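Work through the two exercises below with the sequence and the model at hand. Each task is followed by its solution in steps.

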Amino acid sequence: MNIPLSNISMTELEINYAKEAIESGWISSSGKYVGRFERALAQKIGRKHVVALLNGTTALELALRALGIGDGDEVIVPALTFVAPAAAVRTVRAKPIFADVDPENWTIDPGQVRRLITQKTKVIIAVDVLGHPADYDALLAFGLPIIEDAAEAHGACYRGRPVGGFGVVSVFSFFANKTISTGEGGCAATDDDSLAERMRLIAYHGMTKERPYWHDVVGHNFCMTNIAAAIGLGQVERWDELVEARNRVADEYDRLLREMPVLRRPVSAWATEACWLYTVAATERARVLKVLRNAGIDARAIWTALPALPLYADSVRGSYPVAREISSTAFWLPTWAHMPVDNIQCVAMTLREAIGSHISSPGGVTS
Ligand SMILES: *Cc1c(COP(=O)(O)O)cnc(C)c1O
């Protein structure tokens, strides 16, 4: 069997909207699906403004630029995440500072953040990593602006409130493997009118519709296409279905892996997780992954902990035992909305064979 890591879930709805977008002749960012997508999304996550963008990475960059972050500024970033938050900080010529993550939920550890705040700290980027919200009450107590990276967490909740609502700017990605997808795509959400206006200005050539071809700021072109927004509108209309479908896959994995010596990513009591990629940790990861991959199953090791990357040596403050332990033991099992049950069973069975009974789950990342 050949089982990919991820797969899309597109229906007639998305196809018809995309077709309509193309047939209308409005395929760039000027088409009407962009606004419809933005409004539908704003309503779904309970924010006043949503700006549709090229991808999640440019959304992070835009949020930083709109907040005026640049030379000499420090931005605290979790040590365990996809690299985009750190790269976006470097792109605006500021310095990411890595904070270790909490063994209770693998998100940025507020206790570690506290140690790292200096006069130069301007922003904290909190990542709702692998579908689990960061601890916003603890993070907001520092009184610094937070950029929330909810790229992997569509549908997750913190104390009953949906992610995407906790940052002064919150961003999502709609990359192909994310829970809501437009192929490539992203957005920045905020309740702040002037911040929203500033983001639109920077994202659209530093130009307003009221005064064409006049530029007070150096702009970019970060705008989402109408075709992507049309697909996105269909996906947002299916939001609950897509979130629940992934959670059902996670429930099935939970059931099948219950007796096995693997550590499921832990979830805090205040969190409602929305499964993105089903993540487990085990010792002898390399050997286990080899067995899975030889069986045609595209399971993959999690990210390198960012402090281990020489490119970011400047951003290291301390030793990051939690992020390093997770990074060296955790891996993803194939996960997508409506993944067939026989695929899930095949993965679980192969994992059981690979692991056998002689391996124990890694102790270092359990709470
Ligand atoms: C996927 C992802 C991004 C960036 O998304 P793109 O749309 O691919 O640029 C940013 N942050 C996190 C945590 C992600 O997982």
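**Exercise 1.** Describe the shell of residues around the ligand in this predicted model, starting with how its residues divide into nonpolar, polar and charged.

*Solution.*
Step 1. Sort the shell by residue type: five residues are nonpolar, six are polar and three are charged.
Step 2. Pick out the nearest ones. Of the 14 residues around the ligand, these are Thr57, Asp149, Glu152, Ser173 and Lys178.
Step 3. Look at polar atom pairs, for which the cut-off is 3.5 Å. An N or O atom in the side chain of Thr57 is 2.6 Å from a ligand oxygen. For Asp149, a side-chain N or O atom is 2.6 Å from a ligand nitrogen. Asn55 has a polar side-chain atom 3.5 Å from an oxygen atom of the ligand.
Step 4. Turn to the cover. On its own the ligand has 380 Å² of accessible area, and the protein covers 92% of this.
Step 5. Locate the site: the ligand sits in the second largest pocket.

**Exercise 2.** Count the aromatic pairs, then classify the pair of Tyr136 and Tyr158.

*Solution.*
Step 1. The count is eleven aromatic pairs.
Step 2. The ring centres of Tyr136 and Tyr158 are 5.7 Å apart and the planes stand at 85°, so this pair is edge-to-face.
Step 3. Tyr136 belongs to helix H6 (residues 136-140) and Tyr158 to strand S6 (residues 157-158), so the pair ties together parts 22 residues apart in sequence.

Note on methods
Residues are numbered from 1 along each chain as its sequence is written. This is a predicted model: local features need pLDDT of at least 70, side-chain atom pairs count only at pLDDT 80 or more; totals for chains, interfaces and linings use all residues. Side-chain values use heavy atoms; hydrogens and water are left out. A residue is near a molecule or strand if one of its heavy atoms lies within 4 Å of it. A polar contact is a pair of N or O atoms within 3.5 Å; within protein, one must be able to donate a hydrogen and the other to accept it, and residues adjacent in sequence count only if both atoms are side-chain atoms. Accessible areas come from the Shrake-Rupley method with a 1.4 Å probe; for residues, only the protein chains shown count as cover. On a 1 Å grid over the protein atoms alone, a cavity is a set of points where a 1.4 Å probe fits but cannot get out, and a pocket is an open set with protein on both sides within 12 Å along at least five of seven lines; lining residues have an atom within 4 Å of a point. A molecule sits in a cavity or pocket if more than half of its atoms lie within 2 Å of its grid points. Ala, Val, Leu, Ile, Met, Phe, Trp, Tyr, Cys and Pro count as nonpolar, Asp, Glu, Lys and Arg as charged, and the others, Gly among them, as polar. Rings of Phe, Tyr and Trp (its six-membered ring) pair if their centres lie within 6.5 Å; planes under 30 degrees apart count as stacked, over 60 as edge-to-face and the rest as tilted. Helices (H or I, at least four residues) and strands (E, at least two) are DSSP runs, numbered from the N terminus.
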